[in-house]
Amino acid sequence: MLADPTLYGEWVVGPSESTPLDHDWPAPGSRLRYTIRLGPWSTQGTTTVRHRETGRELELEASFKSLGTARIFLQLRPWGEETLVICDEHPLRGLGGVLHNPVSEAALQLRHRGMLARLATVVEQQPAGRLRA
């Protein structure tokens with residue numbers, strides 16, 4: 001599911017839709033464009049794959065205009081009959097990095113809880129043969 005750029009809008013908290021910009025997503029260096037909507041307002045950002053180990057790890061750099069960039073690292077680990085998803089995200093550059101503090105970190109953790117719950121729902125709704133990392 002992490003490899004399907006068209007599903008990002010369904011499980012990542014924030015984007016309402018996403019579109020691959022490169023045909024080889026999620027190869028390192030490939031990108032997708034995402035749209036964030038708040039009422040009538042919308043804006044776009046870009047996410048670039050920085051590292052990938054198929055079925056194990058996906059590291060992304062999200063760029064959102066004036067807010068700067070953030071590193072998002074997703075790791076999959078076997079957990080009995082299930083899969084444990086570990087998510088680590090932090091600002092790299094720009095306003096997001098300047099304003100990063102314990103309060104924004106707590107808000108980020110709440111966002112991740114929602115995102116991982118949405119990812120679980122999307123995964124559970126997919127046919128078994130379609131699942132991939």
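Guide: Welcome! A residue counts as buried under 20% relative accessible area, as exposed over 50%, and as partly exposed in between, with a 1.4 Å probe and protein chains only. The model is predicted, so local features need pLDDT of at least 70 and side-chain atom pairs pLDDT 80 or more, while totals for chains, interfaces and linings use all residues. Residues are numbered from 1 along each chain as its sequence is written, and side-chain values use heavy atoms, without hydrogens and water.

Visitor: Why is Arg93 called partly exposed?

Guide: Its relative accessible area is 48%, which lies between 20% and 50%, so the middle class applies.

Visitor: And is Glu61 buried or exposed?

Guide: Glu61 has 11% relative accessible area and is therefore buried.

Visitor: What makes Arg93 and Glu61 a salt bridge?

Guide: A side-chain nitrogen of Lys or Arg must lie within 4 Å of a carboxyl oxygen of Asp or Glu. Arg93 and Glu61 meet at 3.3 Å, N to O, so the pair qualifies. The two are 32 residues apart, with Arg93 in strand 6 (residues 82-93) and Glu61 in strand 4 (residues 57-63); a strand here is a DSSP run of E with at least two residues, numbered from the N terminus.

Visitor: How many salt bridges does this rule give?

Guide: The count is eight. One of them joins Arg37 and Glu17, whose closest N and O atoms are 3.2 Å apart. Because Arg37 sits in strand 2 (residues 31-38) and Glu17 in strand 1 (residues 15-20), this pair ties together parts 20 residues apart in sequence.

Visitor: What makes Arg71 and Asp88 another salt bridge?

Guide: Their closest N and O atoms are 2.8 Å apart, so this pair also meets the rule. Arg71, at 19% relative accessible area, is buried, whereas Asp88, at 36%, is partly exposed. Elsewhere, salt bridges with shared partners join Arg50, Glu61 and Arg93 into one network.

Visitor: How do you know that strand 3 and strand 4 pair?

Guide: Pairing requires DSSP to find at least two bridges between two strands. Seven bridges join strand 3 (residues 41-53) to strand 4, so these strands pair, and they run antiparallel. Val49 stands opposite Leu60 in strand 4.

Visitor: Which residue of strand 5 stands opposite Leu60?

Guide: That is Ile72. Strand 4 and strand 5 are antiparallel and joined by seven bridges. Their hairpin has five residues between the strands, and Lys65 in the turn has a positive phi of about 40°.

Visitor: How many residues of strand 4 are buried?

Guide: Six of its seven residues are buried, and the strand is mostly covered.

Conventions: Helix = DSSP H or I, 4+ residues; strand = E, 2+ residues; numbered from the N terminus.
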